[in-house]
Every structure is written in structure tokens, then in C-alpha cells.
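Open the structure in your viewer and keep the selection panel to hand. Each stop below says what to pick next and what is there.

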Amino acid sequence: MIVRTWSATADAAGAGNYSRYFDGTLLPELRKLPGFNGAFLLRRDLGEDGTAELTTHTFWESAEVIRAFTGDDITVSVVEPEAQAMLLDFDRTAAHRSVV
């Protein structure tokens, strides 16, 4: 199994909105993909102003399965314009690690 990790930052409102987007829009779409095995969204508050780091961990059967989601280059992050609008910044690439 492969864990695909990606991070972004958001203000307080954006972090809440992204969490709802993740649960209500992104996860239902990912669950339709064969070989997708689940996900976590983690939040770390960065300061008193409400800025937060959001990190996603998605679980996949193989690199080939990830390619069905990302296209040929599995390192490219996939962030829809709707999600981008909620974020201050986001990683342009994703990291991949094997579950051992």
C-alpha cells in the first residue's frame, strides 16, 4: 500500500471550508476509484491568527492506481480550483511512502 501525502495552509475560515469540502466532495469522488483505500485530513494550528496547516494522507493499492487519479506524473498534486480558492498556499507536489 502507498500513502500519498500533501499539505496546504489556510486561514481559519478556509481550513473549515476545506474540511467540509474534503468530507463532502473529495472523499466521495475518491471512493469511486478502484484501489483507493481511505484518507485522513490532519490540521495543525500555526498561530493565534487561526492560520492552519492541512495535511492529507490518502491510501492507495499501487502507483498504477494513483496514476488513474493524477495522470502520468504521480508526484503532481491534484487541487481543484474550488479547493484552491479556500487555501492560502499548497504543495505543488505530493510525497509517496510505502506502508511497511
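Predicted model: local features only at pLDDT ≥ 70, side-chain atom pairs only at ≥ 80, totals over all residues.

**Stop 1: R97**

Select R97. Leaving aside neighbours within four places in sequence, R97 is in contact with M1, I2, V3 and T5; contact means heavy atoms within 4.5 Å. R97 lies in strand 5. Strands here are DSSP runs of E, at least two residues long, and helices are runs of H or I, at least four residues long, both numbered from the N terminus.

Residues are numbered from 1 along each chain as its sequence is written, and side-chain values use heavy atoms, with hydrogens and water left out.

**Stop 2**

Pick H57, in strand 3. Its side chain makes a polar contact of 3.1 Å with the side chain of T5. A polar contact is a pair of N or O atoms within 3.5 Å; within protein, one must be able to donate a hydrogen and the other to accept it, and residues adjacent in sequence count only if both atoms are side-chain atoms. Show the surroundings of H57. Beyond four places in sequence, its contacts are V3, R4, T5, G38, A39, F40 and L42.

Next, S7, in strand 1. Is S7 buried or exposed? S7 counts as buried, because its relative accessibility is 15%. The cut-offs are under 20% relative accessible area for buried, over 50% for exposed, and partly exposed in between, with a 1.4 Å probe and protein chains only. The side chains of S7 and T55 are joined by a polar contact of 3.1 Å. Outside four places in sequence, S7 also touches residues including F90 and D91.

**Stop 3: Y18**

Go to Y18 in helix 1. Y18 counts as buried, at 3% relative accessibility. Leaving aside neighbours within four places in sequence, its contacts are W6, L26, L41, L54, T56, A83, M86 and L87. Draw a C-alpha to C-alpha distance from Y18 to A85: it reads 9.4 Å, across 67 residues of sequence.

**Stop 4: helix 2**

Select residues 63–70, helix 2, and colour A63, V65, I66 and T70, which are buried. Look down the helix axis: these buried residues fall within an arc of 155°, so they line one face of the helix. The arc is that of the directions from the helix axis to the C-beta atoms. What do the buried residues pack against? Strand 1, strand 2 (36–45), strand 3 and strand 5 (95–98). On the other side of helix 2, E64 and A68 are exposed. Just after the helix, click G71, which has a positive phi of about 100°.

**Stop 5: the largest pocket**

Finish at L26, L30, F69, V78 and V79, which lie nearest the centre of the largest pocket among its 20 lining residues. Strand 1 (2–10), helix 1 (12–30) and strand 3 (52–60) are the elements that each give two or more residues to this lining. Helix 1 supplies the largest share, seven residues.

Definitions and conventions: 1 Å grid on protein atoms, 1.4 Å probe; cavity = no way out; pocket = protein on both sides within 12 Å on 5 of 7 lines; lining within 4 Å.
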